[in-house]
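Subject: Structure for your review

Dear colleague,

I am passing on the structure below, together with notes on what was found in it. Please read the notes alongside the coordinates.

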Amino acid sequence: MRVSNIKKVIVLLFVVLNLSSYICAAGKKTMYVSVDTAIVRENSSKASKKSASIPYGAAVTIIQEKKDWYYISCDSPKVYGWVQASSLTRKNVAARGKVSSADAKEIALAGKGFNASIETAYAEAGNIDFSTVNKVETYTPSEESIVKFIKEGELNLSEE
């Protein structure tokens, strides 16, 4: 083979490789962590071992979809694994760099279905006491206790 033909083959390979990486990148979907901490698991099941966690607002790339789970990659921190779809959103939730647009109090209120003015109105009317709810919100069960609860309760967390 002549040198000019070898150069043509090399250029063609270079073009094909760049084009294929562009096509692969175009098909990828970026989503963002919409919960305080997204749990990354080894398999697409709540009973699967936790392999990592990703903070609120982090961008992830969806590699594969499986029912209510996404197989993702994340660059910061560098993580691969399965995340529940409910932990992600298409909207960039960290509008100003890495800073959340909502503070912890607003997120807690939203979890109750309220905003600050509604909670204040209920509290002033004396209709609802949030002290028990606030106490429960501070409890974080360990991974081991969650898995034990699932197994002892014979919960069906199959991927079907």
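**What was found**

At 58% relative accessibility, Glu-152 counts as exposed, where exposed means over 50% relative accessible area, buried means under 20%, and partly exposed lies in between (1.4 Å probe, protein chains only). The side chain of Glu-152 meets that of Lys-148 in a salt bridge with an N to O distance of 3.9 Å, a salt bridge being a side-chain nitrogen of Lys or Arg within 4 Å of a carboxyl oxygen of Asp or Glu. Because they are 4 residues apart in helix H5, Glu-152 and Lys-148 are separated by about one helical turn.

Before going further, please note that this is a predicted model, in which local features need a pLDDT of at least 70 and side-chain atom pairs count only at pLDDT 80 or more, whereas totals for chains, interfaces and linings use all residues. Residues are numbered from 1 along each chain as its sequence is written, and side-chain values use heavy atoms, with hydrogens and water left out.

The average pLDDT (the predictor's confidence in each residue, from 0 to 100) is 75 for the protein, and 61% of the residues score at least 70. Where pLDDT is low, the predicted coordinates should not be read in detail.

The protein has 5 helices and 7 strands, taken as DSSP runs numbered from the N terminus (helices are H or I, at least four residues; strands are E, at least two). From the N terminus on, the order of elements is α-β-β-β-β-β-β-β-α-α-α-α.

As for strand pairing (at least two DSSP bridges between two strands), strand E1 (residues 29–33) runs antiparallel to strand E4 (residues 59–66) and is joined to it by 4 bridges, with Tyr-32 standing opposite Ala-59 of E4. E4 is in turn joined by 5 bridges to strand E5 (residues 69–75), again antiparallel, and here Thr-61 has Ser-73 in E5 as its bridge partner. The hairpin of E4 and E5 has 2 residues between the strands, and Lys-67 takes a positive phi near 55° in it.

Leaving aside neighbours within four places in sequence, Cys-74 is in contact with Ile-54, Ala-58, Ala-59, Val-60 and Val-79.

The count of salt bridges comes to 4. In one of them, Glu-143 pairs with Arg-41, the closest N and O atoms being 3.0 Å apart; Glu-143 lies in helix H5 (residues 143–152) and Arg-41 in strand E2 (residues 37–41), so the pair ties together parts that are 102 residues apart in sequence. Arg-41 is buried, at 8% relative accessible area. Another salt bridge joins Asp-75 to Lys-78 at 3.3 Å between the closest N and O atoms; Asp-75 is exposed at 62%, and Lys-78 is exposed at 55%.

With kind regards

Notes
Contact = heavy atoms within 4.5 Å.
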